[in-house]
Amino acid sequence: MTPDLFARPEGRSSPAASGLDRRSFLGAGACGAAVPLLGPVSADAQAAAPPDIRQPLDLTLTINGRDHRLALDARTTLLDALRERIGLTGTKKGCDQGQCGACTVLLDGTRVLSCLTLAAMAEGREVTTIEGLAGPDGTLHPMQQAFVDHDAFQCGYCTPGQILSAVACVNEGHANDPAQIREYMSGNLCRCAAYPNIVAAVEQAKAEMGA
Amino acid sequence: MQPFHYRRADSLDAAAQAAGASRGSRVEAPVQFVAGGTTLLDLMKIEVMRPATVIDINPLADRYGAIDATDRGLRLGALARMAQAADDPAVRRDYPVIAQTLDLAASQQLRNMATLGGNLLQRTRCPYFRDVSWTACNKRDPGSGCAALEGVNRKHAVLGVSEACIATYPGDFAQALVALDARLEIAGPQGRREIAAADLHRLPGETPNVETQLGPGELITSILVPAGAWTRRSLYLKVRDRESYDFALASAAVALELGDDDTVREARIALGGVATVPWRARAAEDALKGRRLDEAAAEAAAEAAFADAQIREHNAYKVDLGRRTLVRALLDAARLEIRT
Ligand SMILES: Cc1cc2nc3c(=O)[nH]c(=O)nc-3n(C[C@H](O)[C@H](O)[C@H](O)COP(=O)(O)OP(=O)(O)OC[C@H]3O[C@@H](n4cnc5c(N)ncnc54)[C@H](O)[C@@H]3O)c2cc1C
Ligand code: SF4
Ligand code: FES
Ligand code: FES
């Protein structure tokens with residue numbers, strides 16, 4: 001048998017949760033375990049019994065500026081944590097395989113695919129979803145407004161992912177002309193083929209975002 | 001997805017030791033590292049990979065995530081993200097072929113997530129490998145056969161194939177490294193070693209399940225690219241079914257050092273999309289050395305590159321496509337304006 005190198009260091013507690021709301025409170029189980037760090041191999045660690053593989057992890061996720069404390073199976077993706085556990089269903093599941101971009105969110109301001117990110121890998125980072133884009137008074141983000149102005153969708157399923165991807169595209173400095181916008185937005189597929197309107201929306205928002 | 005233990009690695013040694021407890025092929029080991037997760041989680045979701053423990057190596061990015069350029073060469077941390085390396089001014093200016101292999105790969109979301117080390121180790125997109133309902137796949141299940149040999153093999157390889165497996169190596173970045181004679185620094189349960197990037201991937205032969213010469217627990221920590229007179233006159237040409245966000249059907253990474261009158265002093269060529277591993281085209285390089293780089297010379301090189309191609313029912317077109325891709329890449333590279 002291989003020695004167990006992963007025993008949870010004694011006395012390690014999970015970070016204190018702040019701003020618990022009803023949903024995340026319900027989501028938080030009593031039996032979560034903090035993610036154990038791999039420490040140096042110690043005799044202690046080798047002697048300890050292996051933890052139960054199905055024991056949920058006690059995680060704190062920061063979504064749109066708010067902390068959510070959750071007990072999650074290690075397999076939970078950030079996408080499923082957002083949709084199924086926190087109730088933020090604006091982020092869409094298209095392919096669930098990294099191919100369509102519908103699940104795009106910002107992680108510390110950078111666009112990533114939440115379907116290929118484990119929730120545990122997002123701990124300690126700032127997640128922004130479509131619900132976090134508008135101002136506190138409900139004023140739409142310039143990119144949201146531009147999508148409305150240009151009718152940059154039909155069914156709307158890809159739209160939250162398109163908008164977050166577009167915000168990042170502008171912030172990265174990759175929205176300088178239509179060809180560049182098309183190239184750097186190619187990770188967001190639109191089955192309704194609203195592409196020309198999406199490009200127009202990105203161009204308008206770019207001017208307004210002062211980028 | 002099968003249940004697994006998730007652990008974060010806070011030190012290189014702990015990560016290597018923990019994952020090194022198993023034997024055999026790295027990809028079949030019960031302990032797997034996760035960096036960007038864009039290969040591993042994808043394959044875990046479709047149950048092609050079923051590790052019992054996943055060790056998150058992202059905390060090591062503080063030490064192994066930097067990009068440093070000196071006049072001797074480039075050091076790329078294995079945990080640097082693809083987008084980070086693609087946007088690096090020194091990489092773009094002095095090693096355009098590297099920047100282009102990264103820019104033309106995947107999407108910006110994936111490039112923000114994926115690491116350079118993980119990129120080298122991405123696994124084939126062979127549809128039979130990726131669908132566990134096909135029983136015959138020697139890469140997934142050694143000895144089970146190969147569904148692609150008599151199946152739909154339009155995207156499969158024509159170079160470096162065996163009777164056991166014809167799966168294409170899908171990545172782009174590795175071609176740039178192989179062409180530029182890059183080296184990899186590796187840390188593992190048995191200590192540290194350095195290998196040529198060209199030696200990382202193994203031909204499928206009779207053991208397509210082995211894929212690389214990394215053992216369980218071995219981590220790529222850095223990629224070293226030596227400077228050379230050819231790195232600036234370099235480019236990557238990638239031909240796909242669609243114009244963006246797709247894997248290569250054929251690609252060529254080329255780097256040239258030209259003398260007077262366009263005579264080839266050095267030619268470095270690696271091919272993608274057509275081979276089972278990142279493919280250094282030495283025969284094509286030899287065909288060019290000392291010759292003036294005109295269309296006839298480029299065609300002769302392309303001919304040499306594909307002399308040993310082995311085709312299947314649906315992929316014969318790759319020989320011609322691969323040749324033309326290389327010819328165009330060579331002629332475009334020869335015409336590049338290099339600012340000194
Ligand atoms: C839709 C889609 C399109 C894509 N298109 C392209 C494309 O056009 N061109 C292209 O090149 N790629 C493409 N990719 C592949 C993508 O680039 C790779 O999945 C990515 O680079 C892998 O890096 P990662 O950090 O996410 O690896 P991970 O998934 O985290 O790891 C992959 C494997 O490498 C191991 N590993 C990771 N880092 C290290 C290390 N430092 N040392 C040792 N082992 C390590 C892991 O254990 C795992 O087995 C595409 C992927 C998707 C999903
Ligand atoms: S080509 Fe290789 S990966 Fe594809 S089915 Fe055959 S053995 Fe499996
Ligand atoms: S749902 Fe994540 S890319 Fe399609
Ligand atoms: S608006 Fe329907 S998929 Fe894009």
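## The contacts of B:Phe247

Leaving aside neighbours within four places in sequence, B:Phe247 is in contact with B:Gln122, B:Arg125, B:Pro170, B:Lys238, B:Val239 and B:Arg240. This is a predicted model. B:Phe247 belongs to the loop between β9 and β10 of chain B. One of the residues it touches, B:Pro170, lies 77 residues away in sequence. In space, the C-alpha atoms of B:Phe247 and B:Pro170 are 6.4 Å apart.

## Positive phi in loops of chain B

B:Tyr245 sits in the loop between β9 (234-239) and β10 (250-258) of chain B. It is not a glycine, yet its phi is positive, about 55 degrees. Its relative accessibility is 8%, so B:Tyr245 counts as buried.

B:Glu211 is another non-glycine residue with a positive phi, here about 65 degrees. Its loop runs between β7 (191-196) and β8 (219-226) of chain B. B:Glu211 has a relative accessible area of 11% and is therefore buried.

## An exposed helix residue in chain B

B:Asp13 is part of helix α1 (residues 12-20) of chain B. Why does B:Asp13 count as exposed? Its relative accessibility is 53%, and the class begins over 50%.

B:Asp13 and B:Tyr64 are 51 residues apart along the chain. Their C-alpha atoms are separated by 13 Å.

## Helices α11 and α12 of chain B

Two packed helices are described by the angle between their axes and the distance between the axes. Helix α11 (residues 295-305) and helix α12 (residues 317-335) of chain B pack at about 140 degrees. Their axes are 9 Å apart. The angle makes α11(B) oblique to α12(B), because over 145 degrees would be needed for roughly antiparallel. The crossing is right-handed.

Which residues of α11(B) meet α12(B)? They are B:Glu295, B:Ala298, B:Glu299, B:Ala301, B:Ala302, B:Glu303 and B:Ala305. On the α12(B) side, the partners are B:Arg323, B:Leu326, B:Val327, B:Leu330 and B:Leu331. By class, this contact of α11(B) with α12(B) holds eight nonpolar and four charged residues, with no polar ones.

## Chain A in outline

Chain A has seven helices and six strands. From the N terminus, their order is α-β-α-β-β-α-β-β-β-α-α-α-α. Of its 211 residues, 48% are buried. Chain A exposes about 9500 Å², and carbon and sulfur atoms supply 51% of that area.

How many of the contacts between residues at least 6 apart in sequence join residues at least 24 apart in chain A? The share is 61%.

## Helix α3 of chain A

Helix α3 covers residues 78-86 of chain A. Its buried residues include A:Leu78, A:Leu79, A:Ala81, A:Leu82 and A:Ile86.

## Helix α4 of chain A and its two partners

Helix α4 (residues 142-149) of chain A packs with helix α7 (residues 195-209) of chain A. The axes come within 8 Å and cross at roughly 140 degrees. α4(A) and α7(A) are therefore oblique to each other. The crossing is right-handed. From α4(A), the contact takes A:Pro142, A:Met143, A:Ala146, A:Phe147 and A:Asp149. From α7(A), it takes A:Ile198, A:Ala201, A:Val202, A:Gln204, A:Ala205, A:Glu208 and A:Met209. Nine of the residues in this contact of α4(A) with α7(A) are nonpolar, one is polar and two are charged.

The axes of α4(A) and helix α5 (residues 159-172) of chain A come within 9 Å and cross at roughly 125 degrees. This pair is oblique too, and α4(A) passes α5(A) in a right-handed crossing. Here A:Met143, A:Gln144 and A:Phe147 of α4(A) meet A:Thr159, A:Gln162, A:Ile163, A:Ala166, A:Val167 and A:Val170 of α5(A). The contact of α4(A) with α5(A) has six nonpolar and three polar residues, and no charged ones. A:Met143 and A:Phe147 take part in the contact with α7(A) and in the contact with α5(A).

Key:
Residues numbered from 1 in each chain as written. Chains lettered and ligands numbered in written order. Predicted model: local features only at pLDDT ≥ 70, side-chain atom pairs only at ≥ 80, totals over all residues. Heavy atoms only, no water. Axes fitted to C-alpha atoms, helices over the stretch in contact; angles between N-to-C directions. Helix = DSSP H or I, 4+ residues; strand = E, 2+ residues; numbered from the N terminus. Parallel < 35°, antiparallel > 145°, perpendicular 65-115°, else oblique. Left-handed = near helix turned anticlockwise from the far one by under 90°. Contact = heavy atoms within 4.5 Å. Nonpolar A, V, L, I, M, F, W, Y, C, P; charged D, E, K, R; others polar. Buried < 20%, exposed > 50% of the residue type's maximum accessible area, 1.4 Å probe, protein only. Areas by Shrake-Rupley, 256 points an atom, 1.4 Å probe, with all protein chains shown as cover.
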